[in-house]
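This briefing is for a reader who is new to the structure shown below.

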Amino acid sequence: MTASSSATTTTIAVNNSKRDASQITTTTTTNTTTMTTLATTATANTMKPLSRRQRGNLTTLLTRKSPFSNETGSLPIGELDVSSTTSSGALALVQNSKILVVGAGGLGCEILKDLSMCGVVRDVVVMDLDTIDVTNLNRQFLFRSRDVGHSKADRAAKFINDRCPWMNVVPYHGKIQDKDSEFYKQFKVVISGLDNVEARRWLNGMINNLVEFDSDGDPIPETIIPLIDGGTEGFSGQSRLILPRITSCFECSLDAFAPSAAVPLCTIAETPRIPEHCIAYAYVLQWPKTFPNRKLDADSPTDMKWVYDRALERATKFGIGGVTYMLTLGVVKNIIPAVASTNAIVSAVCVNEAMKVLSFCSQSLNTYMMYMGSEGIYSHTFVYEQKSTCPVCTAHTHHLTLPSSTTLNTLLQQLCDGEFRLKAPSITSSSKTLYMRKPVALEKATKGNLDRPLKELIASGEELVVTDPVFQDTSLGLVVTFGEK
């Protein structure tokens, strides 16, 4: 996709220079000067808005009947209306819809480009916490060297707004967790281009929590905001359509993501064997000792350069090769490696599905697409079944059988290490708060319960309520029955 975009820009520049041949003749005396002039002209024209002829649009597709409209598919969402004069027409539905793009990195840049080149999308909000690093420039093509150190969301929005004036992109630089449910309710579709699992879990929980139910317990269609999740790792990628409370959600497929392997601290400190151990030593052990009053900022090039230098020193000491700045970023920020061509393919699928769910112009993906670039140009589509015990999109109550002597701390650790992969759980019973992490005063008051056995805190078969940041406002119902092993 990036190469194609560059080729288009070059062609435009060359055509402009042909129309102004007299200028080139006047200023050109040698072949070298000619190439310099052309390059300068191309740079000058880069940010000019594209004409309708150059960009095209989806108007024709959205105003003609189709034998493959959405209602004919295996996951029907709505009925195609090709009228161009009514508010319910496919074209109007897209033009009047506000779209949220989460992430302005490798996938996010491609998603914004694809949305703009549809020619019919008007209103987009892009969110990203990160700032631009020089290593981003090889594939995140909305950025230039002058943008290094600036907000990805701000610069991506500026590039699209300057180049594609028919689309208004509003940037937000910050965490997705900073916005409340009212913010997310304004969108008709959310496209996720996040590069880490935990943020995707949080967003999935938020979108699922927005669904309201009628008196019969059925989801109210107007409160369902489709979430299109894209992810890449090397030459592999996936795109999926999530209809909250109807299809499987991201949490249903959590088992497909291997948990990060914990490395013993003694190995990191005494006997490092691989580059990752050296990097972990630098930011886990050396940083707190050197900067005891300052937290490591993984988005700061200065901080990450310090970690890289210390890791390289340790790797040299132990004869370990392979420590690079990119690897340092990947270890500290838990970044999934990205390849530009994979980003282009997966983002195209994501935007394609967004157009379908907004306009009903074609059959929606049901529900999961896998792309395996290392195997050739191959993709596989299948239905990812909803997990009956999913704590996010189902109302299932979970049961555990534990010895009565099990401490509350052991139970909480099991919730973190087991299938739920919680991060900072708090737990209450029907009669009292067993342990609450926030506010600080309540955490201090309940901390003493952590080392007490469950038999002193609850009755066998009592239902507990577990909350955790990864579930947003969702709670986990848990029944603990005592059974000696």
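A polar atom of the Ser-359 side chain lies 3.3 Å from the backbone nitrogen of Cys-361. The model is predicted, so local features need pLDDT of at least 70 and side-chain atom pairs count only at pLDDT 80 or more, while totals for chains, interfaces and linings use all residues. Residues are numbered from 1 along each chain as its sequence is written, and side-chain values use heavy atoms, with hydrogens and water left out.

**Ser-359**

- Ser-359 is part of helix 15, which covers residues 340–359.
- The backbone oxygen of Met-355 is 2.6 Å from a polar atom of the Ser-359 side chain.
- Ser-359 counts as buried because its relative accessibility is 0%; buried means under 20% relative accessible area, exposed over 50% and partly exposed in between, with a 1.4 Å probe and protein chains only.
- Apart from neighbours within four places in sequence, Ser-359 is in contact with Leu-62, Leu-80, Ala-90 and Val-94, where contact means heavy atoms within 4.5 Å.

**Whole chain**

- The chain has 17 helices and 13 strands, which are DSSP runs numbered from the N terminus (helices H or I, at least four residues; strands E, at least two).
- Of its 485 residues, 47% count as buried.
- Among contacts between residues at least 6 apart in sequence, 66% join residues at least 24 apart.

- Five strands form an open sheet with mixed pairing, in the order 9-13-12-10-11; two strands pair if DSSP finds at least two bridges between them.
- Strand 9 (397–402) and strand 11 (433–435) are the edge strands, each pairing on one side only.
- Strand 12 (residues 462–467) and strand 13 (residues 475–482) run antiparallel and are joined by six bridges.
- Glu-463 has Val-479 in strand 13 as its bridge partner.
- Helix 16 (residues 408–417) lies across strands 9, 10, 11, 12 and 13, at about 130° to strand 9; axes are lines fitted to C-alpha atoms, for helices over the stretch in contact, and angles run from 0 to 180 degrees between N-to-C directions.

**Cavities**

- There are two cavities of 30 Å³ or more; a cavity is a set of points on a 1 Å grid over the protein atoms alone where a 1.4 Å probe fits but cannot get out, and lining residues have an atom within 4 Å of a point.
- The largest cavity holds about 60 Å³ of space, a volume being the space filled by probe spheres set on the points, which are joined across faces, edges and corners.
- Residues lining the largest cavity include Glu-251, Lys-387, Cys-390 and Phe-420.

Methods
A polar contact is a pair of N or O atoms within 3.5 Å; within protein, one must be able to donate a hydrogen and the other to accept it, and residues adjacent in sequence count only if both atoms are side-chain atoms. On a 1 Å grid over the protein atoms alone, a cavity is a set of points where a 1.4 Å probe fits but cannot get out, and a pocket is an open set with protein on both sides within 12 Å along at least five of seven lines; lining residues have an atom within 4 Å of a point.
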